[in-house]
Structures are given as C-alpha cells and as structure tokens.
Amino acid sequence: MQISTDYAESAVTTRRDRRATFVRWLGPACALAGFAWALAQPYRITLLHPHGQGLWWLLSEPPLFVVIVGLAFHWIVAPGVLEDLEAVERERSER
Amino acid sequence: MILAASRLIPPSEHVHWWFATGFLILALCLAARAVVGPEVWDRRPWRRYLWPGVLFLMGLLLFPVMVFYTNSTIHMVAHGSWAESMTLAGAAALGLASGKLHNPLWRLTLPFGLFVSGLAVLAHEQQSWLYSRAAFGHHMLGWLGIGGALIALAVALRPRSLVAGLCFAVLLVSISTVLYADRDTAPIFGHLSPEAGIPHR
C-alpha cells in the first residue's frame, strides 16, 4: 500500500514539474525566438539604421516586440502562475 | 492638411505588427492556462481577466482601424464586422470570467468571432494570392481564421482540454507570425506584381 501511495505521489509531482517547466520556459522561449529573428533579419530593426526613418518605423520593431512579450510574460505572469500551481497541488495533497 | 494627417497615421503593416503582438500575448496566456488548468490560472483575479481583456481591447482598437484605413466600402464592412465580432468575443469572455454571464453558450462567441474575422479578411482582399506578401498574408489569415474556428469550437465545447487549448495557442502563434511577416510591397516566393509598387525589405 505504501509503495502505491509513493508511486501516486511521485506521478503527481512529475506532472506538476512538467507543467511548471513549461510555464517557466514559455517566456524565455518566446524571447529567444524574437532574438533569433532579429539575428536572421536585422533589417527589420530600424533602430540599427535609423537615418531617414520616420517616427512610426522607429517605433515598430517586430523582433523586439516578440522579445518584450516573452520577457514580460516571464517576469510578470509566470512567477504568480508557478506559485499558484504549487499552492493548488499542496491543497490537493492535504485533502 | 491632408498630407499632415496622413503622416500621423501609421502604415498599415505597422498596425498588423501591433495586432500580431496582441495575438502573441493571447497565445502565451492561453498556452499557460491550458497547461496549468483554469483552476490555477483563474486563482488571481487580474490573471482571470488578462486574456479576455486583451481580446476585448483588440476588438475595440479595430474600430479606429475601420475608420482610418477605409479605402473602399468592402474594407469598411470587413473591418467593421471583424471589430464587432472580436469585441463581442472579448466582452463575453470578460462576462464569463467575472461570473456575470453563466450560460456556457457565450463561449461560442469565440469561434463565431474567428469565423467572421476569417470571412472578413478573405472578403476584403481583392488581389490574387501572389500579388504581394500582404495579399498572400491576407488569404492565409482568412483561411486560418475559418479553419481555426473549428479549434476555437473545440475549446468552447471542451474548455478544460489540454490538447484543444494548446492547439488554439498554436493557431494564435500562426496568426501572429503571418501578421508579423506582412509588408505591403514585399515579394512572396520571389514573385511580386509589377503593379504592387517598388519592393522593399
């Protein structure tokens, strides 16, 4: 009986770890994709060659948008999601 | 006066890139929500309202797009129907998140919005697929919207499904990618109509 309980607990922990890893890496993966895009198409970042560019062209930097979204998710959204994931799993195991 | 006003309006491809960023935010939120589950994601009120709020805001921002980028009646009708259906989907999601709406049928506004958006995008693109990258992007977006409405329908019917949730997030990333790739006079697959204008990178 003890073995089956341990096995169930370990399965739950593995599932939680997988979900936590996904949330932890989602933002950095997005930011990395934006960075790779910037390296592949540097001409999409007009800040690197600003002469003769209008205001809108200097404000719109698509690869940087992707990096910013990824980092914002990682720093603002992900920490709370990970905390709550831990809390919900803890509450479930206490029941 | 008209010249000064037109300088204040951003080029249309920039608007596509801003909306692409909105779709990317939605994709990250919905992917994380699908993986951790609604009971974890909805635990904090601000997070519960995050993706419906972004969707609602994107719908509202489509109204100025309708006003300022009207170069034909079909453009105005297409942008208008898109704005209305997207705002409705966002508003319904906000109502469900706040608990003010209880009927799960409100979830169907999301596939409806995506289907109407797909139709609108297809209807307002009057050039052939390979006319320019923008034309190709619009055709592709239209069919992504119509096909993606089936995934949105699966999400509406099975809101706790991990597979449906992740597929929907991938769909949003695809839409975002096509929007980011949009540039009005850029070639597609090495082809650009001579009528499209001077190509640029």
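Two residues are taken to be in contact if their C-beta atoms, placed from the backbone, lie within 7 Å. The model is predicted. By this criterion, chain A contributes 18 residues to the contact and chain B contributes 20 residues. On the side of chain A that touches chain B, the elements giving two or more residues are α1 (2-40) and α3 (62-94) of chain A. Of these, α3(A) supplies the largest share, ten residues. Sorted by class, this side of chain A comprises 14 nonpolar, two polar and two charged residues.

The nonpolar residues of the model may be considered next. In soluble globular proteins, nonpolar side chains tend to be buried together. Here the largest nonpolar core has 66 residues, and B:L28, B:L30 and B:A32 are those with the most contacts inside it. The element that gives the most to this core is helix α2 (residues 12-36) of chain B, with 17 residues. Leaving aside residues up to four places away in sequence, B:L28 touches A:L26, A:C30, A:V69 and A:F73.

B:S161 lies in the loop between α8 (133-157) and α9 (162-181) of chain B. Is this residue buried, exposed or partly exposed? A residue counts as buried with 20 or more other C-beta atoms within 10 Å of its own, and as exposed with 12 or fewer. B:S161 has 14 within that distance and is therefore partly exposed. Its C-alpha atom is separated by 8.8 Å from that of B:G37, although B:S161 and B:G37 are 124 residues apart along the chain.

Notes
Residues numbered from 1 in each chain as written. Chains lettered and ligands numbered in written order. Predicted model: local features only at pLDDT ≥ 70, side-chain atom pairs only at ≥ 80, totals over all residues. Helix = DSSP H or I, 4+ residues; strand = E, 2+ residues; numbered from the N terminus. Nonpolar A, V, L, I, M, F, W, Y, C, P; charged D, E, K, R; others polar. Core = buried A, V, L, I, M, F, W, Y, C linked by C-beta atoms within 7 Å.
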